[in-house]
Amino acid sequence: MVFLGIYLLAPETIWKRSHEHHHNNNSKLTLSGIGSYPTVSKTRYLKLSKSERRLYLINRHPLTVMFGYFTLFIYWLNVKSYIESPKKHIDSLLALVFHVSVASAVMYFYGPVIFIFGWCFPFFLAFFMGSYLFYSQHNFPEAKFRENKDWAYDQAAITSTSRMVMSPVMNWFTGNIGYHHIHHLNSRIPFYRLREANDSMPELKNVPTTSWNPIEMIRCLSLKLWDAEEGKMITLKQAYKNS
């Protein structure tokens, strides 16, 4: 699994740290976005400087999600982590060296066509799907965000984490990641028992859902800010209209 993490540009040290932080801060309003996408309230956003607003919107931009192969996995999980803490994240450097070395070898021995369709495209597609899955399961119309003082672990799992509706085949391929709300309730439940947990507890069946429907994807990606007064996520256009 350590080798698999390096191969998939998700080395153990940075993934473990960011994943634990995400579970303990899911749905908290934050500008840092450690282990997640940054989310702030409309009030705070309007008080940010122009450069801070620009960076915030870049981090949440659909292209950032789409190009997750480069933006999240190569840059954020590895380049950024290694530059900030080289001794702590030596495996991030190993992941980058391994990835570049194998990619160069594929290009050298098999040519550009195999390199593009046998290496780049599969990674691009897989990391786009992974980046969007992670985004949509915590950034959807019904999601609830809270300040630290009002935050509760179980509440965040139920009201701030969606269930991604997928076919049995896709559930198998993704290790039941669609049952993400249950994973947030108890991350020690193995992936192959998440559906069983969902089916055995009626309280877990009525959580908000998301899907791969293009219209729903557009709706999720358009959400930018938390409106405390309305109690919902809103678009940038709505934020300026109501301010």
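**Exercise 1.** At roughly what angle do the axes of helix α2 (residues 12-25) and helix α6 (residues 68-84) cross? Work out how the two helices are oriented, and which residues meet.

*Solution.* Keep in mind that this is a predicted model.
- Step 1: the two axes come within 10 Å and cross at roughly 110°.
- Step 2: angles of 65 to 115 degrees count as roughly perpendicular, so α2 is roughly perpendicular to α6.
- Step 3: now look at the side facing α6. From α2 come I14, W15 and S18, and they meet W76, L77 and S81 of α6.
- Step 4: sort these contact residues by type, and you get four nonpolar, two polar and no charged.

**Exercise 2.** Find the residues that touch the most other members of the largest nonpolar core, and trace which elements supply this core.

*Solution.* 
- Step 1: the core has 18 residues, and V65, Y132, Y135 and F145 touch the most other members.
- Step 2: two or more residues come from each of α7 (90-136), α12 (214-222) and β3 (223-227). The most come from α7, which gives four.
- Step 3: zoom in on Y132. Beyond its neighbours within four places in sequence, its contacts include V65, M164, W212, M217 and L221.

**Exercise 3.** Describe the surroundings and the partner of β3.

*Solution.* 
- Step 1: five of the five residues of β3 are buried, so the strand is largely enclosed by the rest of the structure.
- Step 2: its partner is β4 (residues 232-235), antiparallel to β3 and joined to it by four bridges. Here L223 stands opposite T235.
- Step 3: the two strands form a hairpin with four residues between them, and G231 in the turn has a positive phi of about 70°.

Key:
Residues are numbered from 1 along each chain as its sequence is written. This is a predicted model: local features need pLDDT of at least 70, side-chain atom pairs count only at pLDDT 80 or more; totals for chains, interfaces and linings use all residues. Side-chain values use heavy atoms; hydrogens and water are left out. Axes are lines fitted to C-alpha atoms, for helices over the stretch in contact, and angles run from 0 to 180 degrees between N-to-C directions. Angles under 35 degrees count as roughly parallel, over 145 as roughly antiparallel, 65 to 115 as roughly perpendicular and the rest as oblique. Contact means heavy atoms within 4.5 Å. Ala, Val, Leu, Ile, Met, Phe, Trp, Tyr, Cys and Pro count as nonpolar, Asp, Glu, Lys and Arg as charged, and the others, Gly among them, as polar. A nonpolar core is a set of buried Ala, Val, Leu, Ile, Met, Phe, Trp, Tyr and Cys residues joined through side-chain atoms within 4.5 Å. Buried means under 20% relative accessible area, exposed over 50%, partly exposed in between (1.4 Å probe, protein chains only). Two strands pair if DSSP finds at least two bridges between them.
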